[in-house]
Amino acid sequence: MKRVFLDTNILLDFGLGRKGAEEAEKILALGLAGVIEICASYLSYANMGFILRHHPKEEIYDLVAQMREDVLVLPTDAVQLDKGLALFANNFEDALQYQCAKANGCDVIITNNGKDYAEFCDLPFMTAAEFLKGL
């Protein structure tokens, strides 16, 4: 089964109904159906909390709890942090996401900011729409 890593922006698209929400929902549905395994890092949930900090607390906790049920949370560690630092990437957060995906055997990263991943990523990365088109 393909292990699919969702970047924070994909989770936020779905949770906030942003542009791309429909595609993100389809990917989550594939995960719930057991067609693919959907994963994200602990960092994504922290990022979501920070990005949504001006929203009502109940909304933030409900969204994160919903995502937590549907998405496998991958472990992160100091080795991933060190490898992310060694990349000296323009987008440090994406370097950490990449290290988490790679360390946990993900097959592909789904993101809206592929230009940042292009700098360092040796895993396939694509938008949600591109991923769905390739199925």
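# Helix contacts and cysteines in a predicted model

Reader: In which helix is Phe50 found?

Author: Phe50 lies in helix H3, where a helix is a DSSP run of H or I with at least four residues, numbered from the N terminus. The model is predicted, so local features need pLDDT of at least 70 and side-chain atom pairs count only at pLDDT 80 or more, while totals for chains, interfaces and linings use all residues. Residues are numbered from 1 along each chain as its sequence is written, and side-chain values use heavy atoms, with hydrogens and water left out.

Reader: Why is Phe50 called exposed?

Author: Exposed means over 50% relative accessible area, buried under 20%, and partly exposed in between, with a 1.4 Å probe and protein chains only. Phe50 has 53%, so Phe50 is exposed.

Reader: What makes H3 roughly antiparallel to H4?

Author: The axes of H3 (residues 42-51) and H4 (residues 57-70) cross at roughly 160 degrees and come within 10 Å. That angle makes H3 roughly antiparallel to H4, because angles over 145 degrees count as roughly antiparallel, under 35 as roughly parallel, 65 to 115 as roughly perpendicular and the rest as oblique. Axes are lines fitted to C-alpha atoms, for helices over the stretch in contact, and angles run from 0 to 180 degrees between N-to-C directions.

Reader: Which residues make the contact of H3 with H4?

Author: Tyr45, Met48 and Gly49 of H3 meet Ile60, Leu63, Val64, Met67 and Arg68 of H4, contact being heavy atoms within 4.5 Å.

Reader: Why is H1 called oblique to H3?

Author: The axes of H1 (residues 8-16) and H3 cross at roughly 55 degrees and come within 9 Å. The angle falls among the rest, which means that H1 is oblique to H3. Thr8, Leu11 and Leu12 in H1 meet Ser44, Asn47, Met48 and Ile51 in H3.

Reader: How many disulfides does a search of the whole structure find?

Author: The search finds zero disulfides, a disulfide being a pair of cysteine sulfur atoms within 2.5 Å. Cys39 is in no disulfide, and its nearest cysteine sulfur is that of Cys106, 4.4 Å away.

Reader: Are Cys39 and Cys106 buried or exposed?

Author: Cys39 has 0% relative accessibility and therefore counts as buried. Cys106 has a relative accessible area of 5%, so Cys106 is buried.

Technical notes
Helices (H or I, at least four residues) and strands (E, at least two) are DSSP runs, numbered from the N terminus.
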